[in-house]
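Work through the exercises below with the sequence and the 3D structure open beside you. Try each task before you read its solution.

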Amino acid sequence: RNVKKYKQAIKRRINNEPLAKIFNEKNFWKYSFFVNEKVLDPRPETEIIIEAVEKYFQEKEQKLKIIDLGTGSGCLAISLAKEYINSRIIATDISKDALDVAERNSFKLNCNKQISFVCCDWIDTIEIFDVIVTNPPYLTKEEYKNTNKDIKLYEPKIALLGGEDGLFYFRKLAYIMPKIVDYNSFCFIEL
């Protein structure tokens, strides 16, 4: 039985399928997350967002209002929930399938009561947040066309393609941000 699974995994990898997709698991920050073809695999460079939040919000017991725009697997929202246990977090995504994965991860890591998952195009509420985190799609059409097969075939296009110039979602965020921040808010965006 294990030999058969091993051979299937090798065959899938030969076809450029990433290991995280084959085994439905990807490590991020201090945790192991469930992933599938509906979400972008969490990347190590995205952990810099968590480090930056920790730099500016060193008191871990404080009650922060956090929003994760475009949560995908939930790795940012969940990692922040685990670090800031008194915080209230909203995690949004336009993909219901991605939100299902994020919610599954929140149950797996025991922080589901701390996070509200909302299916919408970036945000559906106007309120002020202490912390805004996001890793929006940023590849240009040309960059996406020339990207590796393992990314094009096994990662959701919606999580990668940022329009013709890669800045489509940054423009949307620039419109949204003034409505959800005040002079005490911090926004952390992966570029």
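Predicted model: local features only at pLDDT ≥ 70, side-chain atom pairs only at ≥ 80, totals over all residues.

**Exercise 1. The largest pocket**

Task: State how much space lies in the largest pocket, and describe its lining.

Solution: 
- Step 1. Begin with the volume: the largest pocket holds about 500 Å³ of space.
- Step 2. Turn to the residues around the space. The lining has 33 residues, and Gly-70, Thr-71, Gly-72, Asp-93 and Ala-159 are the closest to the pocket centre.
- Step 3. Find the elements that contribute. At least two lining residues come from each of strand E3 (65-69), helix H4 (75-83), strand E4 (88-93) and helix H5 (96-108).
- Step 4. Sort the lining by class: 17 residues are nonpolar, eight are polar and eight are charged.

**Exercise 2. The second largest pocket**

Task: Give the volume of the second largest pocket and say which residues lie nearest its centre.

Solution: 
- Step 1. The volume of this pocket is about 190 Å³.
- Step 2. Its lining consists of 13 residues, and those nearest the centre are Leu-40, Arg-43, Glu-45, Tyr-138 and Leu-160.
- Step 3. By class, the lining of the second largest pocket has eight nonpolar, two polar and three charged residues.

**Exercise 3. A nonpolar surface patch**

Task: Name the residues of the nonpolar patch on the surface, and decide whether Ile-14 is buried or exposed.

Solution: 
- Step 1. The patch is made of Tyr-6, Ile-10 and Ile-14, and together they have about 350 Å² of accessible area.
- Step 2. Locate Ile-14: this residue belongs to helix H1 (residues 2-14).
- Step 3. Compare with the cut-off: a residue is exposed when its relative accessible area is over 50%. Ile-14 has 65% relative accessibility, so Ile-14 counts as exposed.

**Exercise 4. A network of salt bridges**

Solution: 
- Step 1. The whole structure contains 15 salt bridges.
- Step 2. One of them joins Asp-41 to Lys-21, with 2.8 Å between the closest N and O atoms. This pair connects distant parts of the chain, 20 residues apart: Asp-41 is in the loop between strand E2 (31-33) and helix H3 (47-56), and Lys-21 is in helix H2 (residues 19-23).
- Step 3. Check the accessibility of both partners, using under 20% as the cut-off for buried. Asp-41 is buried because its relative accessibility is 6%, and Lys-21 is buried because its relative accessible area is 4%.
- Step 4. Another salt bridge is formed by Arg-43 and Glu-155, at 3.2 Å from N to O. Here the partners are 112 residues apart: Arg-43 is in the loop between E2 and H3, while Glu-155 is in the loop between helix H7 (149-154) and helix H8 (168-180).
- Step 5. Arg-43 is partly exposed at 22%, whereas Glu-155 is buried at 7%.

**Exercise 5. A residue in helix H3**

Task: Decide whether Ile-50 is buried or exposed.

Solution: 
- Step 1. Ile-50 is located in helix H3.
- Step 2. The relative accessible area of Ile-50 is 0%, so Ile-50 is buried.
- Step 3. For a distance, take Asn-184, which is 134 residues from Ile-50 along the chain: the two C-alpha atoms are separated by 18 Å.

Note on methods. Residues numbered from 1 in each chain as written. Heavy atoms only, no water. 1 Å grid on protein atoms, 1.4 Å probe; cavity = no way out; pocket = protein on both sides within 12 Å on 5 of 7 lines; lining within 4 Å. Points joined across faces, edges and corners; volume = space filled by probe spheres on them. Helix = DSSP H or I, 4+ residues; strand = E, 2+ residues; numbered from the N terminus. Nonpolar A, V, L, I, M, F, W, Y, C, P; charged D, E, K, R; others polar. Patch = residues over 30% accessible without salt bridge, like charges linked within 9 Å, V, L, I, M, F, W, Y side chains within 5 Å. Areas by Shrake-Rupley, 256 points an atom, 1.4 Å probe, with all protein chains shown as cover. Salt bridge = Lys/Arg side-chain N within 4 Å of Asp/Glu carboxyl O. Buried < 20%, exposed > 50% of the residue type's maximum accessible area, 1.4 Å probe, protein only.
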